[in-house]
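Keep the viewer open while reading.

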Amino acid sequence: MSKTVGCLIALVAVVAILGFMAWGQYNGLVTAQQGVEEAWAQVQNVYQRRADLVPNLVETVKGSAAFEQETLTEVVEALSKVGQLSAQASEQILGDPAKFAQFQQAQDGLSSALSRLMVVVERYPELQSTAAFRDLMTQLEGTENRIAVKRQRYNESVQTFNTRIKQFPANLIAGISGFKEKAYFRG
C-alpha cells in the first residue's frame, strides 16, 4: 500500500511541476503577444498622425493655383486606401498575413505619393516659402521618422514573439493555445 501511495504522490508531483511549467510558458507567450500588440498600437498611432496631416498638406498645396492636380489626386487616393484598411480591426490585420501585407502596401503607397508630391513642390518656391507649408512639412518629416522607429520596435517585438512560439517547450503550448506567428514590416 505504501508503495502505491508513494507512486501516486510522485505522479501528482510530476503533474504539478509540468502544470506549473505549462502555466509559466503560457504566461510568457501572453506577455510577448501583448508586447507585439502594444508595438502595433504605436505603429497605428503614428500612421494615423500622418493620415491626419495629409489633408492639411493637400489643402495648403491646393492654394497654389498652378499646382499639378494629378499629383494631389494620387495623394488623396492613396490616403483613401489607407483609410479603408485602417478601419479594419487591428486583430484582423495583425492576425492575417495577407491583410497585413495589404496594410503595408497601402501605407507604402501613401509614402510614395507623398514623395512624388514633395518632388513636384520643389518647383514652387512661393509655396515652400509659406509658413503653413513649412510647418506641415516639419510635422510630416517628424512623423515619418517616428513611423520608422515604431516599425522597427514592432519588428523587434514580433521577432521576440515569433522566436518564443517556435522554441521548445513553448511551441507545444503555443500550438495548443492557438498562438500564431506575426508578420513583419518589410523594406
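Is the crossing of α4 and α6 left-handed or right-handed? It is left-handed. Note that this is a predicted model.

**Helix packing**

Start with α4 and α6. Their axes lie 13 Å apart, and the packing angle is about 150°. Angles over 145 degrees count as roughly antiparallel, so α4 is roughly antiparallel to α6. On the α4 side, the contact uses Phe100, Gln104, Asp108, Ser111, Leu114, Met118 and Val121. On the α6 side, the partners are Phe133, Met137, Leu140, Glu144, Arg151 and Tyr154. By class, this contact holds 8 nonpolar, 2 polar and 3 charged residues.

Next comes α1, which spans residues 2–62, against α6, which spans residues 131–166. The two axes come within 8 Å and cross at roughly 160°. α1 and α6 are therefore roughly antiparallel to each other. Here too the handedness can be stated: α1 passes α6 in a left-handed crossing. The contact of α1 with α6 has 21 nonpolar, 11 polar and 8 charged residues.

In α6, Arg164, Ile165 and Lys166 make the contact. In α7, they meet Ala170, Asn171 and Ala174. This contact divides into 3 nonpolar, 1 polar and 2 charged residues.

The axis values for the three pairs are set out below.

| Helix pair | Axis separation | Crossing angle |
|---|---|---|
| α1 and α6 | within 8 Å | roughly 160° |
| α4 and α6 | 13 Å | about 150° |

**The loop between α6 and α7**

Which residues does a cis peptide bond join? They are Phe168 and Pro169, with omega at about 0°. Pro169 sits in the loop between α6 and α7. For context, most peptide bonds are trans.

**The largest pocket**

The largest pocket has a volume of about 200 Å³. Its lining counts 13 residues, and those closest to the centre are Glu77, Ala78, Lys81, Ala106 and Gly109. Two or more lining residues come from each of α2 (69–86) and α4 (97–121). Which element gives the most to this lining? That is α4, with 7 residues. By class, the pocket lining has 5 nonpolar, 4 polar and 4 charged residues.

Terms used: Residues are numbered from 1 along each chain as its sequence is written. This is a predicted model: local features need pLDDT of at least 70, side-chain atom pairs count only at pLDDT 80 or more; totals for chains, interfaces and linings use all residues. Side-chain values use heavy atoms; hydrogens and water are left out. On a 1 Å grid over the protein atoms alone, a cavity is a set of points where a 1.4 Å probe fits but cannot get out, and a pocket is an open set with protein on both sides within 12 Å along at least five of seven lines; lining residues have an atom within 4 Å of a point. Grid points are joined across faces, edges and corners, and a volume is the space filled by probe spheres set on the points. Helices (H or I, at least four residues) and strands (E, at least two) are DSSP runs, numbered from the N terminus. Ala, Val, Leu, Ile, Met, Phe, Trp, Tyr, Cys and Pro count as nonpolar, Asp, Glu, Lys and Arg as charged, and the others, Gly among them, as polar. Axes are lines fitted to C-alpha atoms, for helices over the stretch in contact, and angles run from 0 to 180 degrees between N-to-C directions. Angles under 35 degrees count as roughly parallel, over 145 as roughly antiparallel, 65 to 115 as roughly perpendicular and the rest as oblique. A crossing is left-handed if the near helix is turned anticlockwise from the far one by less than a right angle, and right-handed if clockwise. Contact means heavy atoms within 4.5 Å.
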